[in-house]
Amino acid sequence: MKANKISICTVLWLVSAATFFMQACTKDYKEINTDKTAVATVGDAELPFLFSGAIESIPWGNQVAENLFAAQYAQYFACNATYFPTDRYTIVSDYVLYNFDPMYARVAPQLQVILERKDPGSAEAALANIWWVYAFQRVTDYWGPIPYFSIGEGGRAVPYDAQDKIYDDFLKRLAGATDILKDKRSETPFGKYDLIYNGNVDKWIKFANTLRLRIALRISNVDPARAKTEAEAAYAGGVLTTSPGDDTYAPKNTLDQNPLSRMSDWNEFRMSATMASVLKGYNDPRISVYFIPAKNTGTYEGLRNGLSESQLGDPRNKPDANSHVGPRWSSPAYGGIASYLSTPAKVMCAAEAWFLRAEGALLGWNMGGTAKELYENGIKNSMLQWDITDETVVQDYINSTAVPVAPGDYLNSPAVTNIPVKFGTDVSVQQEQIATQKWLALFPDAMEAWADYRRGHYNKLYPVVNSDNPDLTDPATQWIRRIPFLITEKQSNAEEVAKAEKLLNGPDKITTALWWDIH
């Protein structure tokens, strides 16, 4: 696996140039791209193509952007391939840059052209701002300080910005966008070129408000007053509520394949022991959606994160001894479905909004119900999302006092926690229950699951068995809190990266907390 190394200096120079040279996004795509002397003029007619391009450029579920990092650190999956060290906290910069470069080289320039060409009060500008926030939250939540306010300005040295300033901009963009859109409900911005909602303004308002609610909970420990204000405004403006109607997925592009599906048969990851402990203990009906029984045993089996190369060599940790990702992401050879490659990637779903509101209610915010009511609605909508519609099954699950169990893994691990599904009476238990069910509902959106875990550790994960990272010497008491700055950045943008460390308020290590992580 070889990455195309490109620094942010180069990327942002390209961003600047992209304002004037947008050969790839016009109606005359073929003609312009075969005529090497042609220069595209970007007019209003081309802007919908740019919005489509910005949507399609998000690396959802990408192996080197997400599966080798967030998906393992959120403990959805554990790595069973000896040649990948990321599960033991060795950060391979050439891999993780795939969550960095696409945002600057493809997402940002296309959105910036829209924001420059359209009136700031237009519905199109509002959609561009919403998508901007969605994209760059995925970047800052990996690294913390990132180049942000100088995107598109060009230059060879590109400054980084503090995460609190970036989050402030996120919230302002979302509030401004929804204020605009509430008066544009009769419009269909970008029409069919809006690959998310086909120009449905009402749905974009719900999406933006749910994203705003997500951000509010992210900052709830570091800035509780701001978090409350933003969360209550987001809820009042309308959030995602109904599955499957409000569930949002990435567009199906006939030229592309779901990245999780594409990599599933490579046999490099399997069900984590954490997932096994929780799903098996709860007799969770989603287990047959999320995973396939192990070939060797016909039972659901998982392995601990961070196993050494020698431990991975044990027969108990081989691919056929553990559970493959579920049928909709797996080929028929592994018990999956014929159309597995075209399974859409999740963007955001209604269940998450219910759990965000449940936590907000637990904090005393006005979320339109009690924590218990909102929690139970979150479970119901998560079940509906995965076509689990038997009301008796769902209600029995909600009322269940079953708890996670020992997963039966190679290390004979104990149960990861002891909380039931049935909503408790103690606030700390309730907080863990909400976080645990949100973690289950977010699957397989590991980017969000890992970020949500880091801000409070409210749901429980197993300690990583081994750390090969010299900056994290005791995995029983330490955990990975961020991704270090890219090597390409340190080589080509060294002075600004050094300044970014000061914005980070700590060394450029995986153990340094992000701004919103004060746990």
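I began with charges over rings. The charged end of Arg482 sits over the ring of Phe485, 4.7 Å from the ring centre. I also found Lys295 over the face of Tyr334, at 4.5 Å from the ring centre. My test for both was NZ of Lys or CZ of Arg within 6 Å of the ring centre and within 35 degrees of the ring normal.

A note on the source: this is a predicted model, so I keep local features at pLDDT of at least 70 and side-chain atom pairs at pLDDT 80 or more, while totals for chains, interfaces and linings use all residues. Residues are numbered from 1 along each chain as its sequence is written, and side-chain values use heavy atoms, with hydrogens and water left out.

**Aromatic pairs**

I describe a pair of aromatic rings by the distance of the centres and the angle of the planes. I pair rings of Phe, Tyr and Trp (its six-membered ring) if their centres lie within 6.5 Å; planes under 30 degrees apart are stacked, over 60 edge-to-face, and the rest tilted. By this rule I count 42 aromatic pairs.

I looked up Phe100 and Tyr104. Their ring centres are 4.8 Å apart and their planes stand at 45°, so I log the pair as tilted. Phe100 is buried at 2% relative accessibility. Tyr104 is buried too, at 0%. Buried here is under 20% relative accessible area, exposed is over 50%, and partly exposed is in between (1.4 Å probe, protein chains only).

Next I took Tyr290 with Trp386. The centres are 5.6 Å apart and the planes are at 85°, so this pair is edge-to-face. Tyr290 belongs to helix α14, while Trp386 is in the loop between α17 (371–385) and α18 (391–398), so the pair ties together parts 96 residues apart in sequence. Both Tyr290 and Trp386 are buried. For element names I use DSSP runs, numbered from the N terminus: helices are H or I with at least four residues, strands are E with at least two.

**Backbone**

Where are the cis peptide bonds that I noted? One joins Ser243 and Pro244, with omega about 5°. Pro244 is in the loop between α11 (224–237) and β2 (248–249). Another runs from Phe443 to Pro444, with omega near 0°. Pro444 has its place in the loop between α19 (427–442) and α20 (446–454).

I then checked positive phi. Tyr89 is not a glycine, yet its phi is about 75°. Tyr89 lies in the loop between β1 (77–79) and α6 (93–96). Its relative accessibility is 5%, so Tyr89 counts as buried. Asn283, also not a glycine, has a phi of about 50°. The loop between α13 (273–281) and α14 (287–290) holds Asn283. Is Asn283 buried or exposed? Asn283 is exposed, with a relative accessible area of 63%.

**Cavities**

I ran a 1 Å grid over the protein atoms alone: a cavity is a set of points where a 1.4 Å probe fits but cannot get out, and lining residues have an atom within 4 Å of a point. Points are joined across faces, edges and corners, and a volume is the space filled by probe spheres set on them. The structure holds 3 cavities of 30 Å³ or more.

The largest cavity has about 110 Å³ of space. Its lining includes Tyr134, Arg138, Arg214, Asp445, Glu448 and Arg454. α8 (123–143), α10 (201–218) and α20 each supply at least two lining residues. α8 gives the largest share, 5 residues. By class I get 4 nonpolar, 1 polar and 7 charged. Nonpolar covers Ala, Val, Leu, Ile, Met, Phe, Trp, Tyr, Cys and Pro; charged covers Asp, Glu, Lys and Arg; the others, Gly among them, are polar.

The second largest cavity has about 50 Å³. Among its lining residues are Arg214, Lys346, Cys349, Glu352, Gln385 and Asp445. β6 (346–348), α16 (350–362) and α19 each give two or more residues to this lining. β6 gives the most, with 3 residues. The classes are 6 nonpolar, 1 polar and 4 charged.

Last entry: Asp517, in the segment after α22 (494–504). Asp517 is buried, with a relative accessible area of 3%. Which residues does Asp517 touch, not counting residues up to four places away in sequence? Asp517 touches Arg454 and Arg481, where contact means heavy atoms within 4.5 Å. Arg454 is also one of the residues lining the largest cavity.

Definitions and conventions:
On a 1 Å grid over the protein atoms alone, a cavity is a set of points where a 1.4 Å probe fits but cannot get out, and a pocket is an open set with protein on both sides within 12 Å along at least five of seven lines; lining residues have an atom within 4 Å of a point.
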